[in-house]
Amino acid sequence: MVTSDLLLGALLGCCAVVVVGGVVVALTVQARAKRTALQAKDVAEKAARHAVQDKATAVEQAQVARSQAHANWQWYEAAQSEGARLVERLQAVADIEARGYTGVEVPGLLHPYFAGSPLDKHHQAAEDLLREAVEITRAGVGSAARAGVRGVTDEAQMFLTRLQLKIDDELREFPQAGVYHQSLVDIDHLATQALHSVQRLRLLAGSWPGIQRADCTFREIIESARGRIGPYNRVEYTYLPEVGETWVEGRVVEPVTVALAELMANATSYSDDLVSVYVQQMQAGYRIVVEDTGLGMNPFQLAEAERLLSQRTALDAAALKDERKLGFALIGRLAHDYGFRVDVSAPSTSGGVKAMCLIPLALICQGPRVQADPAHSGGEPPEPEPAPAPA
């Protein structure tokens, strides 16, 4: 039989179980809530940290953007200033190449960090194009100018040559003692100087001397050159038969004569005393010496003279400023084209300039050949007639 004590105990036991179960459930729920709160806290903290990091990143990105914008503006201003500098560079190139100004320096880049960049290469290409354009234009104008100068000088040389032939006819007709004869001699000298000036222009324009001479002796060449300058009476030629009567090949007679006339003109221009001219034989040929007693040349003038005499200088007929000052360039051109050489570096005992025209043995000949006379039989051949003296 179930007593009341047993029922009460069972009831209390059930209540205890229920209470314990409730406590367990409550503790479980509490633990879960705590974990959820902790997870939420972690998420919030992570979100806060990410927000801080995102803000720092945003600030850094903003700073980078500002720096980049500033750098871009600096590059823009630098490129703009280099564009203005390019105008200055092209101006300097034009001054040098087109206007012929000396001492002009082409400026470089304003900003060294552009060196080797596409901007630098484009600007250099612009300079090169300007130089090429100037050169092409000068070549075209120079070619047309040379053709015009050659045409004019050819005609002038022809008329002057005819004038000299007419004067020669008159000189042969009238005796030397007459006043008219002396006037003709003076006129002939003026015509000879005019012909030489025209011939210089012809040569400077790239043409040949315009005259083909027969074989001549050194004496004839020197006398011909002396007759082409104004103060010919101040040129003292020391004649030695053993060298003075040596024959020079006709192909180079006129070029050598022109070169000697230039040397004599220079010598008489820079010295008021007599100018000494003589011929010397060397192992490799002969040399004609033209020596004055002037002040001589300083090292810079001597270096420039040697440069002009040692090369075939290309002369710009379109930019010819003063053809009277181009004697050494003219001599260098003739020497290069015809195989002789002119040197002014040797010291002079008189303190002036000692110019030497060196004629190699290859340009020395035996003189005009003598044609046999059918009427002449046996014995020695007839004496050769001397070559006509140059005008």
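The legends below accompany several close-up views of a predicted model.

**Overview. The predicted protein as a whole, before the close-up views.**
The secondary structure of this protein amounts to eight helices and eight strands, and of its 391 residues, 32% are buried. When contacts between residues at least 6 apart in sequence are considered, 71% of them join residues that are at least 24 apart.

**View 1. Helix α4 against helix α6.**
Helix α4, which covers residues 218-226, and helix α6, which covers residues 250-269, have axes that come within 8 Å and cross at roughly 50 degrees. The two helices α4 and α6 are therefore oblique to each other, and their crossing is right-handed. On the α4 side the contact involves I221, I222, S224, A225 and R226, which meet V253, V256, T257, L260, A261 and M264 on the α6 side. Sorted by class, the residues of this contact between α4 and α6 comprise eight nonpolar, two polar and one charged.

**View 2. The cover over helix α4.**
Helix α4 is mostly covered, with seven of its nine residues buried. The buried residues of α4 are F218, E220, I221, I222, S224, A225 and R226. Among them, I221, I222, S224, A225 and R226 also take part in the contact with α6.

**View 3. Helix α3 across helix α6.**
Helix α3, formed by residues 179-204, packs with α6 at an angle of about 110 degrees, the two axes being 12 Å apart. Because an angle from 65 to 115 degrees counts as roughly perpendicular, α3 is described as roughly perpendicular to α6. The crossing in which α3 passes α6 is left-handed. From α3, the residues H196, Q199, R200 and L203 meet E254, V258, A261 and E262 of α6. This contact of α3 with α6 contains three nonpolar, two polar and three charged residues. A261 of α6 belongs to the contact with α3 and is also listed in the contact with α4.

R200 lies in helix α3 and is buried, as its relative accessible area is 6%.

**View 4. Helix α7 packed with helix α8.**
Helix α7, made of residues 299-309, and helix α8, made of residues 327-338, pack at an angle of about 35 degrees with their axes 7 Å apart. The residues that make this contact are A305, L308 and L309 of α7, together with F328, A329, I331 and G332 of α8. By class, the contact of α7 with α8 holds six nonpolar residues, one polar residue and no charged residue.

**View 5. The aromatic pair of W73 and Y76.**
The structure holds four aromatic pairs, and one of these is formed by W73 and Y76, whose ring centres are 5.4 Å apart and whose planes stand at 35 degrees, so the pair is tilted. Both residues belong to helix α1, which spans residues 4-97, and because W73 and Y76 are three residues apart there, about one helical turn separates them. With a relative accessibility of 47%, W73 counts as partly exposed, and Y76, with a relative accessibility of 45%, likewise counts as partly exposed.

**View 6. The aromatic pair of F174 and Y180.**
F174 and Y180 form an aromatic pair with an edge-to-face arrangement, in which the distance from centre to centre is 4.7 Å and the angle between the planes is 75 degrees. F174 counts as partly exposed, with a relative accessibility of 32%, and Y180 is partly exposed as well, its relative accessible area being 40%.

Notes:
Residues are numbered from 1 along each chain as its sequence is written. This is a predicted model: local features need pLDDT of at least 70, side-chain atom pairs count only at pLDDT 80 or more; totals for chains, interfaces and linings use all residues. Side-chain values use heavy atoms; hydrogens and water are left out. Axes are lines fitted to C-alpha atoms, for helices over the stretch in contact, and angles run from 0 to 180 degrees between N-to-C directions. Helices (H or I, at least four residues) and strands (E, at least two) are DSSP runs, numbered from the N terminus. Angles under 35 degrees count as roughly parallel, over 145 as roughly antiparallel, 65 to 115 as roughly perpendicular and the rest as oblique. A crossing is left-handed if the near helix is turned anticlockwise from the far one by less than a right angle, and right-handed if clockwise. Contact means heavy atoms within 4.5 Å. Ala, Val, Leu, Ile, Met, Phe, Trp, Tyr, Cys and Pro count as nonpolar, Asp, Glu, Lys and Arg as charged, and the others, Gly among them, as polar. Rings of Phe, Tyr and Trp (its six-membered ring) pair if their centres lie within 6.5 Å; planes under 30 degrees apart count as stacked, over 60 as edge-to-face and the rest as tilted. Buried means under 20% relative accessible area, exposed over 50%, partly exposed in between (1.4 Å probe, protein chains only).
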